[in-house]
Amino acid sequence: MFSAHEILDIALNIENEGFKFYKDMTEKTRDESARSTFEFLASQEKEHIVTFRELLKRFEEEAQELVNWDEATEYLKTLSEHKIFPDAGTLKEMFKDSSPEDVVKYSIEREKDSIIFYYDLLEILADHEAKEAVKKIIKEEKKHVMILRDLLK
C-alpha cells in the first residue's frame, strides 16, 4: 500500500498533466465557448496543484523516512504518468483532425477517470485534513464534467 505522500505525489502529477492538457486545448481551440471553458479548467487544475503541494508539505517527514524514496518516486511517476492525461505530443497527434466535440468528449472521460482515482485516494488516506481537501477536489472535478457536458448541448 502506498503512503499518503506517494498517493498525493501521483495526484499532483495527474493535476499537472490536466493543466498542460487544458492549456494546450485553450491555445488550439478556435471555438470561443470551448476556449473559455478550457481556460477555466486549466485554472482549476492549477488550483488543485497548489492544494496537493500544500498537502505534500505536511507529509515531507514521511517521505524522508522512506528507505528507497528515489526508487519509489520513479515507480510512482511511471505508474501515474499519462494515466489520466497523455503527454502533449500524443494529444497533438490524437486531436489533429478532431472536432471540438471530440475533444470535449475526451475531456469528460479524463475528468471521470480523475474522479475515480480521487475516490480511491480517499479510501487510502487516514489524515482528516487531506481527505477533506481531496473531497473538495472531487466536487470540483464533478463540476468540470458538468461544464464540459454543457458544451455538447
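In helix H7 of this predicted model, the buried residues are Ala130, Ala133, Val134, Ile137, Ile138, Glu140, Glu141, His144, Val145 and Leu148. An α-helix has 3.6 residues a turn, so residues three or four places apart point the same way. The helix itself covers residues 128-151, which makes 24 residues, and from its first C-alpha to its last it reaches 35 Å, close to the 34 Å expected at 1.5 Å a residue.

Among the contacts between residues at least 6 apart in sequence, 80% join residues at least 24 apart.

| Helix | Residues |
|---|---|
| H5 | 88-94 |
| H6 | 100-124 |
| H7 | 128-151 |

Between the helices H5 and H6 lies a loop, and serine 99 is found in this loop. Is serine 99 buried, exposed or partly exposed? Its relative accessibility is 31%, and serine 99 therefore counts as partly exposed, since buried means under 20% and exposed over 50%. Serine 99 can also be placed relative to threonine 29, which is 70 residues apart from serine 99 along the chain, the C-alpha atoms of the two being separated by 9.4 Å.

Note on methods: Residues numbered from 1 in each chain as written. Predicted model: local features only at pLDDT ≥ 70, side-chain atom pairs only at ≥ 80, totals over all residues. Heavy atoms only, no water. Helix = DSSP H or I, 4+ residues; strand = E, 2+ residues; numbered from the N terminus. Expected span 1.5 Å × (residues − 1). Buried < 20%, exposed > 50% of the residue type's maximum accessible area, 1.4 Å probe, protein only. Contact = heavy atoms within 4.5 Å.
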